[in-house]
Amino acid sequence: MLFFGWLAWKDRVKTSVFLKRIGVLSSSTSSLCLFCKNEVKTTKHVLLFYPLVWKLWSEIVSWCDLKWAIPSSVEGLFQWWASEKYKYWVHELWKIIPKAVLWSVWKLRNECLFKGAQPDFANLSERVKVQIAIWAKLHMEGINYLVHNLVSNLKQSRYILYSVVL
């Protein structure tokens, strides 16, 4: 998940546009987004701008009681995310969120592309919550809650997590 975040930040995610640019795919291969079939499949489109992914980002920002305008790139996303100031342990939790979202969106895209799955964006939000809860449970001391309890209401769980780490 962390390496994927780095790839996205550097715009090196293996989209068809990237693969065409480095000569892996022929120019006749479709570059249209797997989800909407209207836009070119760039890292920015798949991970930020596809309307349902944008809706997911907006939902996550609202979990944190913040407002934003979506950044124009994954690099901009990481810069905005890093600009929020929290105490150390809360910051550790905070910085995993964008990586969990990016990884979950990419995994869904791969399931659709390689396994013929249908995009299920209702489930995507839950997948992101699970990624965040598992990471918090595994990597942060003092969290004695079940992953299921953290996932069931992430917005309230953040207050629980903050109280544990403060």
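Asp-11 counts as partly exposed, because its relative accessibility is 37%. This residue belongs to a predicted model. The protein chain has nine helices and zero strands. Of its 166 residues, 44% count as buried.

**Two loop residues with positive phi**

- Asp-11 sits in the loop between α1 and α2 (16-21).
- Its phi is positive, about 60°, although Asp-11 is not a glycine.
- Asp-11 follows helix α1.
- Lys-37 is not a glycine either, and has a positive phi of about 60°.
- Lys-37 lies in the loop between α2 and α3 (43-49).
- Lys-37 is exposed, because its relative accessible area is 53% and the cut-off for exposed is over 50%.

- Which residues of helix α1 (residues 2-9) are buried? They are Phe-4, Gly-5, Leu-7 and Ala-8.
- Seen down the axis of α1, these buried residues fall within an arc of 160°, so they line one face of the helix.
- An α-helix has 3.6 residues a turn, so residues three or four places apart point the same way.
- The face of α1 turned away from the buried side carries Leu-2 and Phe-3, which are exposed.

**How α1 meets α5**

- Helices α1 and α5 pack at an angle of about 115°.
- Their axes are 7 Å apart.
- On the α1 side, the contact is made by Gly-5, Ala-8 and Trp-9.
- On the α5 side, Val-74, Glu-75 and Phe-78 take part.
- By class, this contact of α1 with α5 has four nonpolar residues, one polar and one charged.

**How α4 meets α5**

- Helix α4 (residues 51-63) and helix α5 (residues 74-83) pack at an angle of about 5°.
- Angles under 35 degrees count as roughly parallel, and α4 and α5 are therefore roughly parallel to each other.
- The axes of α4 and α5 are 14 Å apart.
- Which residues make the contact? Trp-57, Ile-60 and Val-61 come from α4, and Leu-77, Trp-80 and Trp-81 come from α5.
- The residues of this contact divide into six nonpolar, no polar and no charged.

**Leu-124 in helix α7**

- Leu-124 is found in helix α7 (residues 121-139).
- Is Leu-124 buried or exposed? Leu-124 counts as buried, because its relative accessibility is 1%.
- Leaving aside neighbours within four places in sequence, Leu-124 is in contact with Leu-56, Ser-104, Val-105 and Leu-108.
- Lys-107 is 17 residues from Leu-124 along the chain, and their C-alpha atoms are separated by 9.7 Å.

**Contacts across the chain**

- Take the contacts in the protein chain with a separation of 6 or more: residues 24 or more positions apart account for 52% of them.

**Cysteines**

- A disulfide is a covalent bond between the sulfur atoms of two cysteines.
- How many disulfides does the structure hold? The structure holds zero.
- Cys-36 is in no disulfide, and the nearest cysteine sulfur, that of Cys-33, is 3.8 Å away.
- The cut-off for a disulfide is a pair of cysteine sulfur atoms within 2.5 Å.
- Cys-112 counts as buried, because its relative accessibility is 8%.

Technical notes
Residues numbered from 1 in each chain as written. Predicted model: local features only at pLDDT ≥ 70, side-chain atom pairs only at ≥ 80, totals over all residues. Heavy atoms only, no water. Axes fitted to C-alpha atoms, helices over the stretch in contact; angles between N-to-C directions. Helix = DSSP H or I, 4+ residues; strand = E, 2+ residues; numbered from the N terminus. Parallel < 35°, antiparallel > 145°, perpendicular 65-115°, else oblique. Contact = heavy atoms within 4.5 Å. Nonpolar A, V, L, I, M, F, W, Y, C, P; charged D, E, K, R; others polar. Buried < 20%, exposed > 50% of the residue type's maximum accessible area, 1.4 Å probe, protein only. Arc of directions from axis to C-beta.
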